[in-house]
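Please look over the structure below before reading on. The report that follows takes up a strand and then the surroundings of the ligand.

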Amino acid sequence: MSETRSVVLGIGSCLPRNVVTNDDLARKVDTSDEWIAQRSGIRQRYIAEDGETTVTLGIEAARNALAAAQVEASSVDLIVLGTATPDNTFPASAVAVQAGLGITGGAAFDVQAVCSGFVYGMTTADALLRTGAFKRALVIGSETFSRILDWSDRTTCVLFGDGAGAVVLDAQTQPGTREDRGILISRLRSDGRHKQKLFVDGGPSTTQTVGHLRMEGKAVFRHAVAMITGVVEESLAATGYTVDDIDWFVPHQANKRIIDDSAHKLGVAPEKIVITVDRHGNTSAASIPLALSVAVADGRIKKGDLVLLEAMGGGFTWGAVLLRW
Ligand code: UT7
């Protein structure tokens with residue numbers, strides 16, 4: 001029986017102008033290129049300058065995605081933006097992006113799932129498109145984590161970066177088999193008992209400040225691999241696919257060691273893994289669409305490929321999306 005699927009029509013991204021290498025950081029913070037690269041795989045990150053914000057980066061990424069999809073902004077009736085670093089406490093950054101794109105109809109809102117924001121955003125948009133209430137969505141991950149980092153804390157400030165990525169999702173009728181194009185399955189999870197392991201120590205209702213990111217890196221690392229592999233295995237089992245059927249594994253880019261350990265445990269061949277953490281650092285909700293953008297632009301991900309996305313972040317939140325490009 002035919003089914004409505006959310007099919008990716010196009011992808012775009014936007015990075016701040018300013019590249020900061022590990023050596024640049026080592027001039028300001030007690031760290032080294034060797035430590036950062038060895039522990040995380042990161043070599044450089046992009047850091048937003050004055051005038052570059054979650055909204056401006058998000059608008060540019062969305063414009064690039066619309067151009068790649070060859071559709072008008074006015075055809076979009078849903079915007080879901082994943083961010084933990086909005087321009088304002090309210091309104092949602094999605095609404096500012098909507099206005100920046102000149103869209104006046106439909107609905108726009110943010111999702112707050114930190115590093116899992118893009119996976120949560122894709123799943124939310126997919127569910128809404130499948131109801132028939134919306135026809136075409138922009139799913140955006142956009143972050144300026146540099147603005148919530150404590151630059152005197154070397155255990156966190158070297159790991160994150162800024163950027164944005166976006167996809168255009170189109171509701172299309174497909175045959176209703178696992179060979180369909182579009183999102184085939186997704187799984188979302190959270191467990192708030194882990195809040196203190198990765199959080200921001202401020203907020204409007206508590207300190208009336210924005211606060212700074214705090215992380216127990218080792219504890220996050222310990223949970224990450226088990227959570228990621230669990231949700232990926234559940235998603236694959238629900239479709240009957242195995243890990244060997246996947247063409248591309250596009251994980252959240254937090255740490256190359258987490259990516260490698262998860263891929264190894266799942267049995268994903270190293271040549272199928274898309275890695276961009278070396279050049280972008282951890283850009284939270286933006287990391288997956290940024291990685292997808294790179295792999296589409298260089299010709300690795302092609303129409304018809306089976307692509308597995310996964311993420312894990314503060315909360316904890318985690319999840320996976322399996323889609324055919
Ligand atoms: O999106 C999800 C969010 N976050 C993550 O996924 C992060 C998960 N965690 C990690 O990626 C890793 O735990 C880190 C990269 C954060 C840290 O790696 P680690 O191998 O767990 O290192 P560690 O915390 O055990 O630190 C080892 C040493 C310590 O020194 P001592 O106590 O052994 O003398 C730290 O003080 O490295 C020191 N250190 C640094 N040295 C140079 C910590 N940060 C730095 C630094 N430069 N930036």
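## A covered strand

In this predicted model, strand β4, which spans residues 78–82, is mostly covered, with five of its five residues buried. Leu78, Val80 and Gly82 point one way from β4, while Ile79 and Leu81 point the other way, and all of these residues are buried. In a regular strand the side chains alternate between the two faces of the sheet.

Strand β4 runs parallel to strand β5 (residues 107–111), and five bridges join the two. One of the residues involved is Leu81, whose bridge partner in β5 is Asp110.

## Contacts with the ligand

The ligand is surrounded by 22 residues, of which Thr31, Arg154, Lys218, His252 and Asn255 are the closest. A polar side-chain atom of Thr31 lies 2.7 Å from a nitrogen atom of the ligand, and a backbone N or O atom of Arg154 lies 2.8 Å from a nitrogen atom of the ligand. In the side chain of Lys218, an N or O atom is 2.7 Å from an oxygen atom of the ligand. Taken alone, the ligand exposes 960 Å², and the protein buries 74% of that area.

The elements that give two or more residues to the shell around the ligand are α2 (33–40), α6 (154–157), α7 (217–239) and α8 (256–266), and the largest share, four residues, comes from α7. Sorted by class, the shell has 11 nonpolar, six polar and five charged residues.

Because domain 1 (3–174) and domain 2 (182–324) both give residues to this shell, the ligand lies between them.

Key. Residues are numbered from 1 along each chain as its sequence is written. This is a predicted model: local features need pLDDT of at least 70, side-chain atom pairs count only at pLDDT 80 or more; totals for chains, interfaces and linings use all residues. Side-chain values use heavy atoms; hydrogens and water are left out. A residue is near a molecule or strand if one of its heavy atoms lies within 4 Å of it. A polar contact is a pair of N or O atoms within 3.5 Å; within protein, one must be able to donate a hydrogen and the other to accept it, and residues adjacent in sequence count only if both atoms are side-chain atoms. Accessible areas come from the Shrake-Rupley method with a 1.4 Å probe; for residues, only the protein chains shown count as cover. Ala, Val, Leu, Ile, Met, Phe, Trp, Tyr, Cys and Pro count as nonpolar, Asp, Glu, Lys and Arg as charged, and the others, Gly among them, as polar. Domain bounds come from an automatic or database domain assignment. Buried means under 20% relative accessible area, exposed over 50%, partly exposed in between (1.4 Å probe, protein chains only). Two strands pair if DSSP finds at least two bridges between them.
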